[in-house]
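I opened this notebook to keep track of what I looked up, one entry at a time. Each entry starts from a part of the structure and follows it to its neighbours.

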Amino acid sequence: MLHYRKSLEIAPKLLSHDFVFAGECVDPLISGLSASNFWASSRYNFLYSANFAKLYGSSGWSPSTSDRQPWLQINLGRKYRLLAIATQGTFNSYDWVTKYTLLYGDRPDSWTPYIMKGGNSRNVFHYAFTAKHIRLLPLEWNTENGGKIGVRLELFGCAYDSYVLQYNGDDAVVYMFPEKRSRTLHDHIAINFKTLEQDGLLLHSEGIQGDLFTLELKKGRLYLHISLVDGRITLTAGSLLDNLHWHYVTIKRYGRQVNFTVDSQTVTAICNGEFTHLDLDTQMYVGGVIEKNMPHLPTTPNFRGCLENVFINGINVIGKAKNEEPDIRIPRNVSLNELPYILLKPMTFAGPNNFLQVPGFFGKPRMFVKFKFRSWDYTGLLMFTRFADNLGALELGLSEGQINVTIFQTGKKKIQFAAGYRLNDGYWHSVDLAARDNLLTLTIDEEEGSPLKITNPFSIRTSDRYFFGGCPKTNNTVFKCETKLNRFHGCMQHIFIDNEQLDIDIILQRQWARYEELLLGTCGITDRCTPNPCEHEGRCIQSWDDFICLCENTGYKGEVCHMSVYKESCEAYRLSGKYWSGNYTIDPDLSGPLKPFEVYCKMKSYKSWTVIMHDQVEGTKVTGSSIDQPYIVNVNYWNASWDEVTALANTSMYCEQWIDYSCYKSRLLNTPNGRPFGYWIGRNNESHYYWGGTFREVQKCGCHVNQTCVDPKFQCNCDADYRQWFSDKGYLDFRDHLPVRRVVVGDTNRTGSEARVTVGPLRCHGDSAANRTLRPFLGCLRGLRMNGVPLDLEGKVNEEQGIRRNCTGQCLNATIPCRNSGQCIEGYASYTCDCNNTAFDGFYCHKDIGAYFEIGSWLKYNIRKKPTSNEAVWANWIDPHYDNFSLGYNDTADDIEFSFSTVHAPAVLLYISSFIKYMLQICLLSHFLPGSVDLRYKLGLVTHKYQLTNRNLADGYPHYVNITRHNRTIKTQVFEKITLVEDARFDSPKSMFLGRVMEVGDIDYEIQRHNAPGFIGCISGVRYNVYAPLKTLFRPNETDLPVTTQGYVSESNCGAFPPVLGYVPWEVDPWFTSIGGFNFITVVERYMIFE
């Protein structure tokens, strides 16, 4: 049956953990104890006995100098709540401890450790705990002037009233709510528990509206589930709670705010939804659920262990159960038995040389060994014994999380086998080994249905000694311990040898055993991964004394995954040398809690734009909305949460966002003085009643600022309320209000009324983090006037301070100009070349990037993923500033260049496809004029062919091709001008192919003729407008490349361009060693050859 235990009558002020204040709980607890309450491992002499260890006493306790693990133990006589401890050394001596471990518990064979610093001091525990027994283990002490261990102490606390229920796993207590329901705005629930089980239900209640309150133990951790109708939240706290020590749980809720505390760890969360009351029906289950046809919850077993002082909003549930009050229901259809007393005696193996040697029965033909262990280490010796009669030995070890059993036989091959999986998970695991001649059975975690059996031929005669955790260093006996395994680090308990449980205290007192570096009576395992020290969802893996964080696929790096692997903005990428426009991953708060996300970076030589797209770029049609029931257009940004987009705006120097309200008899701001029908919502959910193109907070549209409103009586075009399509549009550029989160439309419910809302992508540039400190000015100053008087700057120049006369710049008279259309950028004392929009790299944009294509190989570069919509084309034609398009999208200009060398024809050199069956092709012919180059353009219904050269260019030498088109005019190296007769736009370019054309769908017959076997040779410097496929492939600056290859395509210097001999500025010269003196590098002016 349920077993109740109470130590004292209830005092009202001690009904729960938080009802005791530090000022009221400072009673001295040791000074009044008798000598029989003190125990010790040894004493220095009679005058230093354990009972003299009272604070301010005339002596003190000191152990024998030969005591290898001294301890002082005190029985407080009953359970107390402990808040502080004070220690002294022995009276009038140099004997005191400087560091010690305090063990506490309800019983003297199972302890919980608490490490403290000693000396003559008073220490307040950082969290209060309850205990009846205390054991002090000195760790460090004063050694100067002949000092040794010396202790006097006092504990401070107060009496603790303990109501305890013991559960056997098939019983429960049910608390019936008053009026059969509970509706609370705030809750305060306290419960203490101890158990050896990993799983069990502590508290559970539900409401018919979907409310839920559940507290359960899973895998040694506590989980709290709470739902206030709108979706449940789960809080997790604690770890390794299956150690049969008391754990203290407090749950406080006020409205949606929840605080969940387990021992000293507190977790806080906000419940989902808008509801603030917890509505529970009928009852609260305590310790388990037992109903008809439901002996427990489907996913959680009932609790097995002890519960203490269960208080639900001030109600003492266990007290009510003891008194059999009517609001307590206990199912009577089950057998409720008291838990038997279990001899625990755990021990901790924590040293570099730890081991435990225990006795056994010599010469028996059967062996039985059973124990429990827990550890984080992958390897370690669990048990070793050598057989009698020189028959061999048996080794039980932990290896890669498995139990390895090895039987050594004299003169024979050893027998090895393994069992179990991930047994180094920190939980208790039982090992049961039984062996006789030719048969060994190994059972792990009491899974008797599937034990491992070995029937190999071997002989067993038991030894008189067994080694656990490691082998001793002095090991020269006949039955010595030998192993190649590391020493075991972890905990063991419940050790049985030949079906008899070892009482470690007794065998040590009788000197039947020996050990090194063991902590007896407690399991000192620590979970270093709970709470997870790895940031940003890094995975924590631990050993006995350390942990590591695995940061793969998190976007972060470092010891604890703290440092972001990404830059904070596009501007930071540009400043680091990434000059190519494209998709980049940024992390605006770097090491902060927000995740990295992908944006489009539009790179310029002087700045970069960060562009974040969303789902309202194409626009939303709105009808049927009114001012009282408006339509809300939600803007959902791609790849990023609202907080992440806001963080980008916060860290940028400037942001803008296009907004367009197109209307047909639909008013917007209702100017000049009416209540707005429409508005937009930005950061912090704030509503704004000004529109794009105007100043903030003026309730006007851009047409009023430009004086272009269709009706001058109104300050917005749409407010004129005409039966005609108009629009109000412009850029919102006040950064502190951006980004746009929602747009509200409230005037489309009249006959014929209609509106269309379009919000452009968020565009930001600059990085405020890079501008927090003032940097020295680098550049030119000329024509300086102060108070109207010109200053002679050249006369004040001091070249030793890094200032020079003349301000013409380096780009104007560059020693070697930037090659291949690279842009020259002035530096402090030199210049650099921006190779962003070229197919080359290197200091002067002179390094050719090429590839060798073997037979059948090809490369595909994706220009666009989807065709350009007609609305977007129209918007781009009306407003070229519209940012959806860059060079190459629906453009009237083409710029193509590349070089190639081959001896094979025919071949397709370059092919560009379109979503609307336009195409551009450059190929080598094999008929008519073999090896000649042919250009084909299709910008309409007809494919136009142009012969670029009559020479045979399939001669193995490098040849350079350059084709430019502007509107209908094409220029090549051969023909001065070619005129197209059709559309001047190459609409919606889709893909670019090199080597072979592998386009899906119909392909022109002429292309098929030249497409096999494909280009064989070298091609380099390929550029179509801003797209450089080979540079993207071999010099990537993004993770998701738009390039696909098939076959053998390898980087190669095709030799199409001669090497460049030029001066390298010292700022970028890797060989430069000093700026002063005339060493060899300085004298020769550091000229180098670039290839």
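**Entry 1: a covered helix**

I began with helix H4, residues 642-651, and found that this helix is mostly covered, since eight of its 10 residues are buried. I kept in mind that I am reading a predicted model. I then asked which residues of H4 are buried. I listed Trp 642, Glu 644, Val 645, Thr 646, Ala 647, Leu 648, Ala 649 and Thr 651. When I looked for what the buried residues of H4 pack against, I found strand E42 (582-586), strand E43 (597-603), strand E44 (608-612), E47 and strand E52 (754-765).

**Entry 2: Thr 651**

I stayed in helix H4 and turned to Thr 651, which is found there. Why does Thr 651 count as buried? I noted a relative accessibility of 17% for Thr 651, and the cut-off for buried is under 20%. I followed the side chain of Thr 651 to the backbone oxygen of Leu 648, which it reaches at 3.1 Å. I also checked Thr 651 against Ser 569: these two are 82 residues apart in sequence, while their C-alpha atoms are 8.4 Å apart in space.

**Entry 3: Thr 671**

I next looked up Thr 671, and I located it in the loop between strand E47 (654-664) and strand E48 (679-681). Is Thr 671 buried or exposed? I wrote down that Thr 671 counts as buried, because its relative accessibility is 3%. I found that the side chain of Thr 671 makes a polar contact of 2.6 Å with the side chain of Asp 719, and that a polar atom of the Thr 671 side chain lies 2.9 Å from the backbone nitrogen of Gln 715. Setting aside neighbours within four places in sequence, I recorded the contacts of Thr 671 as Gln 699, Phe 714, Gln 715, Cys 716 and Asp 719.

I noted Val 174 standing opposite Tyr 285 in E19.

**Entry 4: an annotated stretch**

I finished with the UniProt annotation "domain: EGF-like", which comes from an unreviewed entry and covers residues 525-562 and 808-846. Over residues 525-562 I found 0% helix and 26% strand, with the end C-alpha atoms 26 Å apart.

Conventions. Residues numbered from 1 in each chain as written. Predicted model: local features only at pLDDT ≥ 70, side-chain atom pairs only at ≥ 80, totals over all residues. Heavy atoms only, no water. Helix = DSSP H or I, 4+ residues; strand = E, 2+ residues; numbered from the N terminus. Buried < 20%, exposed > 50% of the residue type's maximum accessible area, 1.4 Å probe, protein only. Polar contact = N/O pair within 3.5 Å; in protein donor to acceptor, adjacent residues only side chain to side chain. Contact = heavy atoms within 4.5 Å. UniProt positions renumbered as here; feature names shortened; annotations may be inferred. Pairing = 2+ DSSP bridges.
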